[in-house]
Amino acid sequence: MPVSANTTTLSTTARVARSASIVLVVAVASVILGGATSFAQGGFLGPLAPFANSSSGWTLLTALVVWSARRGAGLSGLLGAVSFIALIEGYILTSHLRGIVDSETFFLVAAVVVGPFVGVAASWLHRKGRRAALGIGLLSGIGIGDAANGLATLVPYTGWFYWALIGVIAIALLVVVLGRQVREPLDRVLGILVTLLVAGAFVGAFFILNGSSV
């Protein structure tokens with residue numbers, strides 16, 4: 001029996017409504033998590049305090065939220081941007097309520113540019129083969145790059161522990177995903193190359209930013 005136009009329309013409407021509800025849930029969860037990072041930045045995390053206001057920390061939270069949603073790459077790209085932006089806005093709003101003025105312009109720009117890639121990468125961690133390699137390569141590259149930048153420039157202000165830990169976690173995740181979800185040697189090499197390229201680009205970008213702010 002042919003599918004009627006009304007049935008097709010209802011099906012499309014249901015999919016759109018379901019996607020919209022997922023976007024809303026991700027946005028609300030991210031605002032709450034972002035607000036929590038404002039309190040965490042106060043220092044009660046001890047040596048882990050840099051997590052609350054770092055590229056690797058917000059990338060990790062965004063990836064976890066999108067990964068938990070278990071959506072396809074297309075919607076996950078949108079969720080990545082929404083989550084990253086909502087995290088930062090939650091942080092800014094909570095900080096203002098606590099009497100701390102903070103705009104986080106750099107991270108908001110990064111959220112718009114990098115957020116979709118983080119979302120797609122997180123969704124690909126549910127896959128196997130090349131997509132898993134590319135996904136973990138991007139995420140691990142951000143973690144390793146942030147660790148390298150932190151160890152090189154921020155240790156006098158924050159200590160070394162968090163930066164060393166996030167670097168170890170990023171490497172461990174790379175090893176686990178490439179070992180369990182990627183079988184082809186060339187795909188594993190691709191994952192490693194993407195990790196190195198992203199980490200290098202990350203360090204280079206912060207080097208340029210730090211140089212321009214001197």
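User: In this predicted model, which residues of H4 do Ser 55, Trp 58, Thr 59, Thr 62, Ala 63, Val 66 and Trp 67 in H2 meet?
Analyst: The model is a prediction. On the H2 side, the contact is made by Ser 55, Trp 58, Thr 59, Thr 62, Ala 63, Val 66 and Trp 67. The contact divides into seven nonpolar, four polar and no charged residues. The H4 partners are Phe 107, Val 118, Gly 119 and Ala 122.

User: Are H2 and H4 parallel or oblique to each other?
Analyst: The axes of H2 and H4 come within 9 Å and cross at roughly 45°. The crossing is right-handed. An angle under 35 degrees would count as roughly parallel. H2 and H4 are therefore oblique.

User: Is Trp 58 buried or exposed?
Analyst: Trp 58 is found in helix H2. Leaving aside neighbours within four places in sequence, Trp 58 is in contact with Thr 37, Ala 52, Asn 53, Phe 84, Leu 87, Ile 88, Tyr 91, Glu 104 and Phe 107. The cut-off for a buried residue is under 20% relative accessible area. Because its relative accessibility is 0%, Trp 58 counts as buried.

User: What distance separates the C-alpha atoms of Trp 58 and Leu 33?
Analyst: Trp 58 and Leu 33 are 25 residues apart along the chain. The separation of their C-alpha atoms is 9.4 Å.

User: Which residues is Leu 79 in contact with, leaving aside its neighbours within four places in sequence?
Analyst: With neighbours within four places in sequence set aside, its contacts are Ile 22, Val 23, Val 26, Val 66, Ala 69 and Arg 71.

User: Are H5 and H7 roughly parallel or roughly antiparallel to each other?
Analyst: Helix H5 (residues 130–153) and helix H7 (residues 161–181) have axes 8 Å apart and pack at an angle of about 165°. H5 passes H7 in a left-handed crossing. Angles over 145 degrees count as roughly antiparallel. H5 and H7 are therefore roughly antiparallel.

User: How do the residues of the contact of H5 with H7 divide into nonpolar, polar and charged?
Analyst: From H5, the contact includes Ala 132, Ile 136, Gly 143 and Asp 146. From H7, the contributors include Trp 163, Ala 170, Leu 174 and Gln 181. The division is 15 nonpolar, five polar and one charged.

User: Is Gly 141 buried or exposed?
Analyst: Gly 141 has its place in helix H5. Apart from neighbours within four places in sequence, Gly 141 is in contact with Ile 136, Thr 195, Val 198 and Ala 199. Its relative accessible area is 0%, so Gly 141 is buried.

User: Are H3 and H4 antiparallel or oblique to each other?
Analyst: The axes of H3 and H4 come within 6 Å and cross at roughly 135°. The crossing of H3 and H4 is right-handed. The cut-off for roughly antiparallel is over 145 degrees. H3 and H4 are therefore oblique.

User: Where does Gly 99 lie, and is Gly 99 buried or exposed?
Analyst: Gly 99 lies in the loop between H3 and H4. The relative accessible area of Gly 99 is 60%, so Gly 99 is exposed.

User: What is the phi of Arg 70 near?
Analyst: Arg 70 lies in the loop between H2 and H3. Arg 70 is exposed, with a relative accessible area of 55%. Most residues other than glycine have a negative phi. Arg 70 is a residue other than glycine with a positive phi, near 55°.

Note on methods
Residues are numbered from 1 along each chain as its sequence is written. This is a predicted model: local features need pLDDT of at least 70, side-chain atom pairs count only at pLDDT 80 or more; totals for chains, interfaces and linings use all residues. Side-chain values use heavy atoms; hydrogens and water are left out. Axes are lines fitted to C-alpha atoms, for helices over the stretch in contact, and angles run from 0 to 180 degrees between N-to-C directions. Helices (H or I, at least four residues) and strands (E, at least two) are DSSP runs, numbered from the N terminus. Angles under 35 degrees count as roughly parallel, over 145 as roughly antiparallel, 65 to 115 as roughly perpendicular and the rest as oblique. A crossing is left-handed if the near helix is turned anticlockwise from the far one by less than a right angle, and right-handed if clockwise. Contact means heavy atoms within 4.5 Å. Ala, Val, Leu, Ile, Met, Phe, Trp, Tyr, Cys and Pro count as nonpolar, Asp, Glu, Lys and Arg as charged, and the others, Gly among them, as polar. Buried means under 20% relative accessible area, exposed over 50%, partly exposed in between (1.4 Å probe, protein chains only).
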